[in-house]
2 protein chains.
Amino acid sequence: MNDAEIKEKIYKLTEQEITSETEAELNKLLKTYPNGTIGIAQINPIAGNLEYNTKKIVKYIKHAQNIGLDLIIFPQMALTGFPLDDTTAKLHILIEENVKWLKQIAKIITKTTALVGFIEPCNNKTPEKYFNSIAVLKDGQISKIIRQSSVYNNHNFNDYKYIEPYTTKTTRTIEINGTKYAILIGDEEYSEQILKENPDIIINCSSTPAIVKEERKKMKILSNTAEKYSTPVIFANQVGAIDGISFSGSSRVFNSNGEVFACAKQFEQQLLICNPKFNLGKNYHQTYDFEKAEENTYFSLDYEADMERTYKILLQGIRDYFDKCGFRRAVLGLSGGLDSTICAVLLADALGCENVFGISMPSKITSQESKSDAEQLANNLGIHFTVAPIKDMFETTNNCLQKIFKTAEDRWDCRYEHSYTSDNIQARSRAMFLWGVSNEFASCLPIATSDKSECYMGYATINGDMSGGFAPIADINKTKLFALAKWLNKNRTVKNAIPESIIQKRPGAELAINPKTGKPLIAEDALMPYEFLDEVIWRIENRKEQYNDMINSEFLYEKNHTISKEQKIEWLDKFYRRMAGALYKKTIMPPIILVDSENSCDKRPITSSKLNFKGHSESETGAIISEL
Amino acid sequence: MNDAEIKEKIYKLTEQEITSETEAELNKLLKTYPNGTIGIAQINPIAGNLEYNTKKIVKYIKHAQNIGLDLIIFPQMALTGFPLDDTTAKLHILIEENVKWLKQIAKIITKTTALVGFIEPCNNKTPEKYFNSIAVLKDGQISKIIRQSSVYNNHNFNDYKYIEPYTTKTTRTIEINGTKYAILIGDEEYSEQILKENPDIIINCSSTPAIVKEERKKMKILSNTAEKYSTPVIFANQVGAIDGISFSGSSRVFNSNGEVFACAKQFEQQLLICNPKFNLGKNYHQTYDFEKAEENTYFSLDYEADMERTYKILLQGIRDYFDKCGFRRAVLGLSGGLDSTICAVLLADALGCENVFGISMPSKITSQESKSDAEQLANNLGIHFTVAPIKDMFETTNNCLQKIFKTAEDRWDCRYEHSYTSDNIQARSRAMFLWGVSNEFASCLPIATSDKSECYMGYATINGDMSGGFAPIADINKTKLFALAKWLNKNRTVKNAIPESIIQKRPGAELAINPKTGKPLIAEDALMPYEFLDEVIWRIENRKEQYNDMINSEFLYEKNHTISKEQKIEWLDKFYRRMAGALYKKTIMPPIILVDSENSCDKRPITSSKLNFKGHSESETGAIISEL
């Protein structure tokens, strides 16, 4: 075999199931490269579950030793999983225990050196802190510990609150079989200090979340570092989801020109074998979605480039939340609308159709089309399905409430002329059914089907459609969900599982009749066109725009439709008013999968909802003060 | 008048309503002290509501000028309110706008210098950050800005994520009428650097939350600083609640011996006038609760010393959340049990009895005593009351669910033999009524009455008793609630409003019948004795104890009762198992008032609930690994 054939053979073998035969064969083939062969263990840990993570790490180390690697690299905090957020604050047993496990892992080390991320006690600090450290396991012991020297303040996690930067200057390199490796942890940057140690290869043990901007930035920094210092850079990343935070894996090796010459799969566990010296390494992706989806400077309805990434994050998010928390089954309401439809498809794909139960819960407002669309969808997906009308629930609740309202009315003169009470009874009756199924059947979670556009607007009922054990699509806006529906119909193995009429109809909650039309109220009439709404959200999240910025620039919607300035002001005012009111609802949402948001912590304090989003001119502030 | 009489007169006047007459009189009297007279403006801001806060600040400054103060001091971030948490991340208009308002405030300054806390743009940072600054307003302009130089990492807030420490060494003192003042912001400590500037007085503009340990620590540091440097220290603190975080005020002046010689009221807005040079200053409290309640080294059921503080935090918490969010009325279920009873009393005291609606919602399990206790309580408090049985709701929901279960059972073979479905239907039916009233009547919030012991155990129903717009007592454990009930009966104007039988009966949700007794299930039988449970929580929160620490030390409960080691292990195992399962429920709780917890951020990631709380011995870890 020539070199190319050997490499191809090695990669074929790594893709097969591990057996003593494949290990023996790999061991033989890898001898072609006398030193410097490395395994990047892109693992999916469970936050806080030390035994589970240890077993996984040990399995990979044993395999690495069996095939004769010099070095195996795990992600940052591989032993504990990342993020831990505030877990360590109350349960600092985690810190002591992870050291115990680490010591035991060291004992199995014979030939291969292992870099294992863990959290190291840092005892003299109150409140208790830890170092974000990498243990160098060699010859049956912890031979060295490298500690993160600067802590990057990421808005998505609380972990850095508890991480103490290690500021003592110590060596940051290790030597294995004549090759010198420098180790960077997380978002630590390469420094002149480390350069002085003259490493041959730079390793970055990381847990970089699958947020487009973050991943893109990270890759640029690593590529630049490799190029600037003419040194290969190895990026070992975590994969999997912890609550709503996703990690794509995408571990990579950059050559000394800063070019990617090997990269791991996305959203899958993998041991990626490479040897920069001998150009051993496979590219599982030429480009990644986060690179394909070039940074948009304008809002666009063309979501095509981001569909695969979106789908994979959603699937991984559902799978990991269910698996890691010990759930297997999901129950959801099927309204025949877009949101519940997308949720049903995702759940069927993530959990298996036999584990998904869809319930159509029609009221007198529900159209015949909605009912048959829901049933058609369930049939196409092969999920369980039943129909449970809410008529009795609605009537009983309404009767009881009218009695209560009569008494209350005698005492309080603040009864609304037009209330949402009747709409909400319907949504809550449905949630009663779903939670009932969840209570009665083992390992079953009810699903909250709210989408991002509606969450922003508070257009969901507390204890109703907003309620559930998990909210898969709460970070995806409505226009993107339409695109996703079309993409799913084209790209899933079973084509066109989503009935076309679901994609065609204009969304509405079917909770109330529009007095003007005599038909169920359309959401866009109650709110504003989704195309406009989603652009407002996009501008706030991606361009940090404020009210006045938006008033003064042209929206995509305005290019396609003529709207008056007054109309635009009315919609923007409504947006800010509703967003402020929805802040509280956001704080009681079940866990959501972060897909498009950069920041998961945007909720509190609720009392800040009285902030004036429009701001004041100088003369206005002056006038208000002089009136005092 | 002699000096003592003048001082007394001054303090009498400051306690009266401000009129041009009282101002003129104060102005005349304060002339006795030719310079160095200072006002500490202990204000209650609304986070993010710049117009509201500005108006308040301007009112105080005008008053200070009218009575001829040299200096008026506002708390840290007085203009924006504190904490802002993640508000600035998405709504950075707040940063620009607060500068606009500050400039306008400066214009009204004529005679008195004002120290106003605000957030200052720090433009070169991504993600956007700000300085935590104090503006020195003098002669119609911002004459100087002092910036916080080190940022303390407090577990309760996210603010420091966005605060950039100002590391440039600049002068930290200002001079007014011959007196030199040094300014410290928040938890900044006094330094040798500042000492070199030779200040006559040290000022600390702060927002220290009303957490016993935090306040105690703060006071010690300030007292020590005053003594060590023989320099008076002025502590200006925020008062009021922002969501669940309380501030007690308790602004103070320490003399150069480190003794308190003036201190403001607790839980009230106030302008405290003082002049350390002339010993002008009044002590509104000789000791504070956080000092009275000496640090307990052991768990105790004697809560007496902490009752007043607890009551005041709860009252302020309810009042401020309702006021600041624009609510006026509350509706709650009255079960005749302790939790809903305490909530009703607090709501009546905080909102006025005319704004509280109590609904008794009996089921067939509800005892006659519970029903009459609930009614008696409502009568005693003078709140509105009605009875709304849930029989129809229960039957309808149950009928509908049984049909659904039948279908599901055909598909899924995982139906529980014993489920909590029937218990939960009852709790959720009640929540349906409360949310219905909230939807139908203006400015009305339903109340979640869960207590801390039960929240830890997940002993509350999602969309049932756990659900509501606000959860006042979710940070107070059950044994403390019993003490509070007795204290309220003794100390409220209307004595014994809480029927004695409510305090005497053993708590139970009255959702299910105990098959062993044929009577409603008692919570302690389902969980464990509250005295034991509350000590576990106390040990975790106050002593950071872990499972093994607790196994090996004696509980108060064990002093009074003989229990076997097996029993203790069973309870502790149950505690940790239930606590892990309840983690998710905690994340969807409505806002709670922090009273006893040190840390509001102890919830995520939910997936970390698989953490092994007991840990492993070295040999166990070794054995697990060697089995792989």
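**Exercise 1: a strand and its surroundings**

In this predicted model, strand E1 (residues 38-42) of chain B is joined to E14(B) by five bridges, and the two run antiparallel. Work out which residue of E14(B) is the bridge partner of B:Ile40, and whether the residues of strand E14 are buried or exposed.

*Solution.* 
- Start with the pairing: B:Ile40 has B:Leu272 as its bridge partner in E14(B).
- Next, take the two faces of E14(B). B:Gln270, B:Leu272 and B:Cys274 sit on one side, B:Leu271 and B:Ile273 on the other, and all of them are buried.
- Buried here means under 20% relative accessible area. Five of the five residues of strand E14 (residues 270-274) of chain B pass, so the strand is largely enclosed by the rest of the structure.

**Exercise 2: reading a sheet**

Give the strand order of the six-stranded open sheet in chain B, then say which strands stand at its edges.

*Solution.* 
- The order reads E6-E7-E8-E9-E12-E13 (chain B), with mixed pairing.
- Strand E6 (173-176) and strand E13 (260-263) of chain B are the edge strands. Each has a single partner strand, so one side of each is left without a neighbour in the sheet.
- Finally, look at what lies across the strands. Helix H7 (residues 212-228) of chain B lies across strand E8 (201-205), strand E9 (233-236) and E12 of chain B, and runs at about 155° to E9(B).

**Exercise 3: rings and what they tie together**

Over all chains, the count comes to 38 aromatic pairs. Describe the pair formed by A:Tyr33 and A:Phe278, then the one formed by B:Tyr321 and B:Phe470.

*Solution.* 
- A pair of aromatic rings is described by the distance of the centres and the angle of the planes.
- For A:Tyr33 and A:Phe278, those are 5.6 Å and 45°, which makes the pair tilted.
- A:Tyr33 lies in the loop between helix H2 (20-30) and strand E1 (38-42) of chain A, and A:Phe278 in the loop between strand E14 (270-274) and helix H8 (289-292) of chain A, so the pair ties together parts 245 residues apart in sequence.
- A:Tyr33 is buried at 4% relative accessible area, whereas A:Phe278 is partly exposed at 29%.
- B:Tyr321 and B:Phe470 are stacked, at 4.5 Å centre to centre with 10° between the planes.
- Here B:Tyr321 comes from helix H9 (residues 307-325) of chain B and B:Phe470 from the loop between helix H14 (452-457) and helix H15 (478-491) of chain B, so the pair ties together parts 149 residues apart in sequence.
- B:Tyr321 is buried at 2% relative accessibility, and B:Phe470 is buried at 0%.

**Exercise 4: two copies**

What rotation superposes chain A on chain B, and which residue of chain A comes closest to the rotation axis?

*Solution.* 
- The rotation is 180°, with 0.0 Å of shift along its axis and an RMSD of 0.0 Å.
- The two copies are thus related as by a two-fold rotation axis.
- In chain A, A:Ile588 comes closest to the rotation axis, at 2.1 Å (C-alpha).
- For the interface, 100% of the interface residues of chain A are also interface residues in chain B, so the copies meet through the same surface.

Note on methods
Residues numbered from 1 in each chain as written. Chains lettered and ligands numbered in written order. Predicted model: local features only at pLDDT ≥ 70, side-chain atom pairs only at ≥ 80, totals over all residues. Heavy atoms only, no water. Pairing = 2+ DSSP bridges. Helix = DSSP H or I, 4+ residues; strand = E, 2+ residues; numbered from the N terminus. Contact = heavy atoms within 4.5 Å. Axes fitted to C-alpha atoms, helices over the stretch in contact; angles between N-to-C directions. Buried < 20%, exposed > 50% of the residue type's maximum accessible area, 1.4 Å probe, protein only. Phe/Tyr/Trp six-rings, centres within 6.5 Å; stacked < 30°, edge-to-face > 60°. Least-squares fit on C-alpha atoms with pLDDT ≥ 70 in both.
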